[in-house]
Amino acid sequence: MDEHDAVIVGAGPAGASAGFFLRSGSEDLDVLMVDRLDDAKYARYHRMCGEAISRAAFKDLAPLTPTNVVHNISRMREGWPGGAMIETRAIGYILDRPAFLRGVLERYRSLGGKMVRDAVEKAEADGKGTVLTMTSGKSIRAKHLIAADGARSLIRRTLFREEPPVMMWTEQHLIRRRVPDDALTFLQAERYKGGYRWEFPAGELSRVGFPRGTDSVEGEEVVETHQRAIPMGGLSTLMRGNVYLVGDAAAMANPLTAGGIRIAMLSGRKAAEAILGGRPESYQRWWSSSPFSSQRFMRAFLKLKAMTDDDYERAARGLGSDPLRLAWCYLSRPEFRDLYRTYAPSGIYGW
Ligand SMILES: Cc1cc2nc3c(=O)[nH]c(=O)nc-3n(C[C@H](O)[C@H](O)[C@H](O)COP(=O)(O)OP(=O)(O)OC[C@H]3O[C@@H](n4cnc5c(N)ncnc54)[C@H](O)[C@@H]3O)c2cc1C
């Protein structure tokens, strides 16, 4: 049986980042990354995303920088029932996500990290680590295991037996219509059940998505359609022994924004640092005390989910990017205070 100091299952944002930071931190650590998808399927899978990430995300990810930028984003537009359209400053990027990830994986490999295409079918703890059984028939023992295997994580289901608090099933369509190049557009309404409809630029096209079954793209020229779940709300246990759950496997996407790339990459880094520092439990401590895991986001999501269009309209009336307006709304509408309080933090930590 092959043995490795660390095995990373999944080469998405969480796994790619974990690999890069593990090998950057130690040339001696023998690291293997496993992903089940071939190049074409990998690109298709990782295109299934709005591909939006904030500039702030890269402060936590240095020396990684935004590459393969398709659009520079400077504003967020939010449409509300009743016709209000609120515009706020939002600095970030739409990346060509598959190309960006390939770049991170190339850096990981150039640092001596190993990669193999195979799927993990079974994971079992033994006295010396975790034994992974692969579709190819091979068995691998991991001294440290980083589970970056996404929303339906096999490792979460079999070794942690925990399900995400919320699995938001979404559909996203690549359509032949242009939306503003520099803006992320969101539409809020009762029909989206706490979520929203998004319209993001995608080169000459755009990406339009919403919680599954809540809206349609009738009348649009649709180029490609995907459906996928976004797990949100965090888990109570993120590490057990030398096994770490990161990114979507740990349901880390922000419940209000559904943004998950940044926290996936950051959690990959934090798990790598816990391994390198020989302090596995520091990973759980980081998450529990991090602003990214604040329960205020889940509370706000549940509140929005229960609101009617009338509530949305009242909550949005008079709102704007001006902090004084927000303060006025906050003071005059106590029933929406928890939402207003979460508004700015979701812009800071949610993407
Ligand atoms: C429609 C949609 C739009 C989104 N838009 C945005 C956005 O604009 N901005 C944002 O920040 N977030 C967005 N998200 C969320 C974001 O895509 C995820 O949170 C992020 O991809 C999580 O990264 P990850 O590495 O944890 O998991 P994933 O990206 O799911 O990667 C998991 C990897 O693990 C591999 N894998 C899985 N199982 C196995 C196995 N058994 N063996 C081997 N390999 C395996 C997969 O092949 C995959 O490559 C969106 C999500 C959806 C569904």
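Start at arginine 161, in the loop between α4 (154-160) and β10; helices (H or I, at least four residues) and strands (E, at least two) are DSSP runs numbered from the N terminus. This is a predicted model, where local features need pLDDT of at least 70, side-chain atom pairs count only at pLDDT 80 or more, and totals for chains, interfaces and linings use all residues. Residues are numbered from 1 along each chain as its sequence is written, and side-chain values use heavy atoms, with hydrogens and water left out.

**Loops**

Stay on arginine 161. Its phi is positive, near 50°, in a residue other than glycine. Arginine 161 is exposed at 70% relative accessibility (exposed is over 50%, buried under 20%, partly exposed in between; 1.4 Å probe, protein chains only).

Next, select asparagine 68, in the loop between β3 and β4. Asparagine 68 is not a glycine, yet has a positive phi of about 55°. It is partly exposed, at 35% relative accessibility.

Proline 63 is found in the loop between β3 (52-54) and β4 (69-79). Check the peptide bond from alanine 62 to proline 63: it is cis, with omega near 10°.

**Helix α3**

Select residues 97-110. Helix α3 has 14 residues and reaches 20 Å from first C-alpha to last, close to the 20 Å expected at 1.5 Å a residue (1.5 Å times one less than the number of residues). Its buried residues are Arg97, Pro98, Ala99, Phe100, Leu101, Val104, Leu105 and Tyr108. They pack against α1, β2, α2, β5 (85-95), β6 (114-117) and α5 (contact: heavy atoms within 4.5 Å). After α3 comes glycine 112, with a positive phi near 100°.

**Serine 267**

Move to helix α5, where serine 267 is found. Serine 267 is buried, with a relative accessible area of 0%. Its side chain reaches the backbone nitrogen of glycine 247 at 3.0 Å. Leaving out residues up to four places away in sequence, serine 267 touches Val246, Gly247, Met252, Tyr283 and Trp286.

**The ligand**

Finish at the ligand. Of the 37 residues around it, Asp35, Tyr45, Gly50, Arg97 and Asp248 come nearest (a heavy atom within 4 Å counts as near). A polar side-chain atom of aspartate 35 lies 2.6 Å from a ligand oxygen atom. A backbone N or O atom of glycine 50 lies 2.8 Å from a ligand nitrogen atom. A polar backbone atom of alanine 52 is 2.9 Å from a nitrogen atom of the ligand.

Notes:
Polar contact = N/O pair within 3.5 Å; in protein donor to acceptor, adjacent residues only side chain to side chain.
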